[in-house]
Amino acid sequence: MNIPFLDMKAVNAPFADAIQRALCDTFMSGYYLCGPNTKTFQKKLAASCGSPLEAVAVSNGLDALRLIFKSLLLNGKLKEGDEVLVPANTYIASILPLTEMGLTPVLVEPSAETMNLDWEEALKKTTTATRALLVTHLYGTPCWNSDIAAEMRRRGVLIIEDNAQAIGAFIEDGRRTGSLGDAAAFSFYPTKNIGALGDAGAVTSQMPELIETVRALANYGSDRRYHNIYCGYNCRMDETQAAVLNIKLDALEEISRHRRATAALYDSLITNSLVVKPHIMPHEGQVWHQYVVRLKERDRFRDYLSARGIATDIHYATPPHRQPCYRGILEGDYPLTDLLAKEVVSLPIASVTDAQAVAIAKAINDFKP
Ligand SMILES: *Cc1c(COP(=O)(O)O)cnc(C)c1O
């Protein structure tokens, strides 16, 4: 057996002909930035969120978050020093924009069941200095609590979504991640559920003022040609990436369906009591960016699977508050986040066949303490 954790060639193979044609057309068109592919992409992405919102195509997911927070600062919705609640258990890119812009991250522990931010904890940590809450829909699991979100908003707290891992996911009432908060950041890094052939990202929001500021900031801060209202950046998406993403966005439901089917297979076939399987939401709104199990013997388990030709990965082995760059900056104890970092292991999902998933589950069930 030789099952890679993620075979990118296999992930993109179904789109090979369409992508080759689109790249060739883009090359021949002479438009390489801010052209028709980007405009189409923005419309498609907004439509895929199922709400009357707008989308701006940008360079990558981190820049999407940076542009959101920079815009909120410029528009006076946030000011330096404001507290922003953020999950302790997330990828570091969720937190980098906050510290870069002088905002104060307040880390919130996850719920052990979902591994996502614990909303009750977030509410407990809300103070008069709290101006925003950043939620990450980690592993493709929607992180939302309508009652507490409403309470937060009543207190004037903005809610921003890091939707890098959850494009296509939805909550119980059918609303999509990326349309739940005041603004959302998307990543189209190649390994994400919808991946470009390089870096790409997007911002969505229902706030026209925020969209306008993000759009200007991403293009040197100009609201029109050679007229700069902000000291901006260059965070544009390439036309070639937009062309690829337009093809893959059309397959979003199919991609989500395949991941859900593999997750369901794992869930029904894995019976080893040492292995804690991820929570499956009854409404099936997860999109399974990762299928993450937990167990005490994690490292031995990985070696065991590796010896059987099954590659796994860890998301994430070192939480942000343990990173050298945040020594002395992200203070406090986050025991549950630390525990998850020691116990989580991601099984292959994006490129596995049903037969491979069955074989992986069998190998897992044969693992002994
Ligand atoms: C991938 C990712 C990002 C960053 O996206 P890039 O496109 O790689 O910059 C941000 N947050 C989360 C949760 C991610 O998984």
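Start by selecting leucine 33. Leucine 33 sits in the loop that links helix 2 (16-29) to helix 3 (36-48). Helices here are DSSP runs of H or I with at least four residues, strands are runs of E with at least two, and both are numbered from the N terminus. The model is predicted: local features need pLDDT of at least 70, side-chain atom pairs count only at pLDDT 80 or more, and totals for chains, interfaces and linings use all residues. Residues are numbered from 1 along each chain as its sequence is written, and side-chain values use heavy atoms, with hydrogens and water left out.

Leucine 33 counts as partly exposed because its relative accessibility is 37%. Buried means under 20% relative accessible area, exposed means over 50%, and partly exposed lies in between (1.4 Å probe, protein chains only).

Together with Leu33 they form a nonpolar patch on the surface, with about 460 Å² of accessible area. Patch residues have over 30% relative accessible area and no salt bridge; like charges are joined within 9 Å, and nonpolar side chains (Val, Leu, Ile, Met, Phe, Trp, Tyr) within 5 Å. A salt bridge is a side-chain nitrogen of Lys or Arg within 4 Å of a carboxyl oxygen of Asp or Glu. Areas come from the Shrake-Rupley method with a 1.4 Å probe; for residues, only the protein chains shown count as cover.

Next, the ligand. The residues around it include Asn60, Leu62, Tyr91, Thr136, Gln165 and Lys192. Being near means that a heavy atom of the residue lies within 4 Å.

- Glycine 61: a backbone N or O atom is 2.7 Å from a ligand oxygen.
- Aspartate 162: a side-chain N or O atom is 2.7 Å from a ligand nitrogen.
- Serine 187: a side-chain N or O atom is 2.6 Å from a ligand oxygen.

The ligand taken alone exposes 380 Å², and the protein buries 91% of that.

Select Phe69 and Leu72, the residues with the most contacts inside the largest nonpolar core, which has 35 residues. Such a core is a set of buried Ala, Val, Leu, Ile, Met, Phe, Trp, Tyr and Cys residues joined through side-chain atoms within 4.5 Å. Elements giving it two or more residues include strand 1 (54-58), helix 4 (61-74) and strand 4 (130-136). Helix 4 gives the most, with 6 residues.

Tyrosine 220, in the loop between helix 8 (208-217) and strand 8 (222-224), has a positive phi near 65 degrees. Tryptophan 288 also has a positive phi, of about 50 degrees, although it is not a glycine. Is tryptophan 288 buried or exposed? Tryptophan 288 is buried, because its relative accessible area is 5%. Then find histidine 315 and tyrosine 316, joined by a cis peptide bond with omega of about 10 degrees.

Finish with two serines. Serine 179 lies in the loop between strand 5 and strand 6. Its side chain makes a 3.5 Å polar contact with the side chain of serine 51. A polar atom of the serine 179 side chain also lies 2.7 Å from the backbone oxygen of arginine 176. Serine 346 is in strand 11 (residues 344-347). Serine 346 and valine 293 are 53 residues apart in sequence, yet 6.4 Å apart in space, C-alpha to C-alpha.

How values were computed
A polar contact is a pair of N or O atoms within 3.5 Å; within protein, one must be able to donate a hydrogen and the other to accept it, and residues adjacent in sequence count only if both atoms are side-chain atoms.
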